[in-house]
Amino acid sequence: MTSSSGMTPGNSKTLSIQKVLSFLRDQGEATVSGISLNTSIPLATVYRIAHLLLKEDLILQTEKISSQNGRQPTLYSINSRYANTICIIIEKTSVSVCLADMAGTVLRVEDFEFRPRCEKEKVLEEIHAAIRALLQGQWGIVELSKRVRVIHVAVEADVDIPGGRIHRFSGASCFDDFDMAAYFEARYGVPAYLNKLLFVEAVSSIKNHCRYSFDHYVYLHIGVGFGAAIIIDRKIYTGAKGKAGELVQLKLADGRSWEEAYNTGNLYQRLVRTVAVSPNSQLNDILMDSLTPARSGSAHSLMVVLDKALEANCAEAIALVSEAAAGWANAICQLNAFFDPEVVVIGGDVSSKTPNVFGLICQTLSKNGEFEGAVLPAEYETSLMDAVALGALDTLYEKIYGDLAATFCH
């Protein structure tokens, strides 16, 4: 996530405040001694920070608990009502808008879909309507500045993260070259930040795979698009203007695009063409059964459908995914050669919920003979909306760290 506060990494006072707030957010509640023990901050310093945060209403003293020796130490927790964030996810044909509190809890969500050729103003007006509905439903007010301190937008597009501008949005070209962060800041009068949805996915994956103690790895998104997030020291490497990971736009030495060289084109377009040519095929039957809620109980994504077709040994599905897996495997080998990661995590539409697709990719890598690294399927402990909400909080917390650091130094 981008830094909004301009903090100096070497500022120990700022980092101490950051550690205390982050620990309380993750832990829920803790005593001063517990904070000190888990953050390695001296006990006296934690007391000073707790006093400051209580004065600023950033944390609360919760109910006291009894200990074995009869003492009743005080528990501290994040004041979830201190501020709220508006989080917006814009995918190729849909938008989700949520209201989240300081503890990272998503309070309410509004969703809507739009057509790819829809006018920009119409999509933006629907976003505004969703924000009004969230605020009115929560508090009965529409003045965003009274409650919301940050707006965080994650877009399935090529974006300039520091500049807050969308370069190219394949879902709706009306958003191409649009300064989205500045637009929302001017509209609502609060800081707004833009991020790449790919990086939000990777952050969610990081939080899960950190338990394996991997510090450097590649998160590979496979879906309608194809991209990669490079994680170094458990942090996203965004590159110049957020361009890192835009594999589809890379040109090789011979002038071919990555898609052309490694056959990583749109699998779903090939799926539609295959079904159109053979409407009575086994693949079409599986597709209809899986995508019709009345017949299957719930609708499934197309990758899950392909996974079910692989499990059923469907010849058309095996041919489709095998062709795509060859391209993905080539790309993984190239990424491995470039970055030498400890592990490659495959996410997007391919995850632990599509074991057959993931398995076919691993088989292809094994046959390739050029890849000897480890590969894991993505496992998301939180939804993308939860991940965006946490990203928005990271931005807000960074601003708080910077604002409080000067106070703490005196």
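Trainee: How many helices and strands does the chain have?
Mentor: There are 14 helices and 15 strands in the chain, taken as DSSP runs (H or I of at least four residues for helices, E of at least two for strands, numbered from the N terminus). This is a predicted model, where local features need pLDDT of at least 70, side-chain atom pairs count only at pLDDT 80 or more, and totals for chains, interfaces and linings use all residues. Residues are numbered from 1 along each chain as its sequence is written, and side-chain values use heavy atoms, leaving out hydrogens and water.

Trainee: What share of the residues is buried?
Mentor: Of 410 residues, 48% count as buried. Buried is under 20% relative accessible area, exposed is over 50%, and partly exposed lies in between (1.4 Å probe, protein chains only).

Trainee: Is Cys174 buried or partly exposed?
Mentor: Cys174 is partly exposed, at 23% relative accessible area. Cys362 also counts as partly exposed, with 25% relative accessibility.

Trainee: Switching topic: where does Ser301 sit?
Mentor: Ser301 is in the loop between helix H10 (293-296) and helix H11 (302-311). Its relative accessible area is 36%, so Ser301 is partly exposed.

Trainee: How far is Ser301 from Ser290?
Mentor: Their C-alpha atoms are separated by 8.6 Å, and the two serines are eleven residues apart along the chain.
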